[in-house]
Amino acid sequence: MAAPPPPVAATRVAVRRAVSDLPGDSLVIVACSGGADSLALAAATRFEAPRRSLRAGAVVVDHQLQQGSDRVAASAAEQCRRMGLDPVEVVTVECSTTGDGLEAAARAARYAALDQTAERLGAAVVLLGHTRDDQAEQVLLGLARGSGARSLAGMPAARGRYRRPFLRVTREQTKAACAAEGLRPWTDPHNSHPAYARARVRALIPAMEEALGPGLSAALARTGEQLREDADYLDGLAGEAVAALGPGPWDVTQLERIPSPLRQRVWRRLLVAAGAPAGQVSARHTDACDALLTRWRGQGPVSAPGPTSVARSGALLSVTGPARVE
């Protein structure tokens with residue numbers, strides 16, 4: 001048998017590694033949008049799954065954000081069925097915009113649909129088609145937000161039921177794999193629409209590579225991977241520090257003994273525990289909290305998302321919110 005083209009081989013090896021620990025007869029679900037990344041992922045999963053006694057299916061989420069989205073979803077589902085994936089389902093969701101914007105609303109609706117479908121079908125894992133290029137874009141977006149190492153750490157290769165086999169596979173490789181396998185990927189116009197931050201970053205990277213030299217995307221993705229290891233370690237230490245603090249309010253000397261890099265993470269955990277949405281807590285909020293400890297001049301409470309509040313009274317600090325820290 002002839003060897004597959006290199007891009008196809010790269011996608012298959014990536015999936016093989018991602019599912020190597022699953023027991024036989026496990027169901028693996030591919031989240032397929034119909035784009036090149038997820039179609040290449042579906043094809044690679046269909047090839048690898050039976051070789052490991054696994055079952056492979058797909059879920060197509062129709063966000064209803066563009067005219068004709070139902071046809072795009074149906075086409076993606078049909079291509080998955082022709083590959084031999086089973087079950088294949090199309091799930092329609094409503095994306096109600098919030099203060100976080102349409103991108104965040106679509107993401108929340110998508111993951112809710114994937115979670116519900118995976119639970120109903122009894123899927124062991126859900127595979128996502130994010131590539132090395134997506135990871136590079138995520139790291140740049142984190143840099144723009146200025147929220148520290150965790151924000152720069154990019155996307156994890158695995159979290160809960162979700163796995164991202166393609167974080168070391170490029171977007172060009174997935175396009176080439178689709179071409180080699182006769183698949184017809186859909187190009188989402190949102191991916192190049194300047195209204196979306198990720199689209200603007202995607203357009204910026206080629207210009208940056210031209211100015212700084214090739215390999216920028218790979219370097220950004222590698223940096224994110226390294227920072228994730230550092231952030232995971234520091235977050236573990238921060239968790240131990242929060243456990244040692246116990247329930248609030250806390251004496252300032254307790255917090256002063258925590259080294260500053262950990263204390264920023266401790267503030268974040270205390271705010272989230274009090275009800276602040278994790279995605280809305282920024283360095284601005286944790287810095288303001290720390291000022292109550294290190295630059296105390298009798299200032300009033302610090303307001304944070306949630307709404308949550310951090311206040312100092314004499315030598316005691318407390319965090320309150322919709323769900324008070326107990």
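In what order do the four strands of the open antiparallel sheet stand? The order is 7-10-9-8, where two strands count as paired if DSSP finds at least two bridges between them. Before we go on, please keep in mind that this is a predicted model, in which local features need pLDDT of at least 70, side-chain atom pairs count only at pLDDT 80 or more, and totals for chains, interfaces and linings use all residues. Residues are numbered from 1 along each chain as its sequence is written, and side-chain values use heavy atoms, with hydrogens and water left out.

**The two sheets**

Helices (H or I, at least four residues) and strands (E, at least two) are DSSP runs, numbered from the N terminus.

| Strands | Sense | Bridges | Partner residues |
|---|---|---|---|
| Strand 4 (residues 125-127) and strand 6 (residues 162-163) | parallel | two | V126 and Y162 |

**One aromatic pair**

The structure holds one aromatic pair, with rings of Phe, Tyr and Trp (its six-membered ring) pairing if their centres lie within 6.5 Å, and planes under 30 degrees apart counted as stacked, over 60 as edge-to-face and the rest as tilted. The ring centres of Y111 and Y162 are 5.1 Å apart and the planes stand at 75°, so this pair is edge-to-face. Because Y111 belongs to helix 4 (residues 102-121) and Y162 to strand 6, the pair ties together parts 51 residues apart in sequence.

**Around helix 11**

Axes are lines fitted to C-alpha atoms, for helices over the stretch in contact, and angles run from 0 to 180 degrees between N-to-C directions. Helix 11 (residues 260-273) packs against helix 12 (residues 283-294) at about 110°, with the axes 9 Å apart. Contact (heavy atoms within 4.5 Å) involves residues including W267 and L271 of helix 11 and C289 and L293 of helix 12.

Helix 11 also meets helix 9 (residues 216-245), where the axes come within 9 Å and cross at roughly 65°. Among the residues making this contact are L234 and V242 of helix 9 and V266 and L270 of helix 11.

Helix 12 leads back to the four-stranded sheet: it lies across strand 8, strand 9 (308-313) and strand 10, and runs at about 155° to strand 8.
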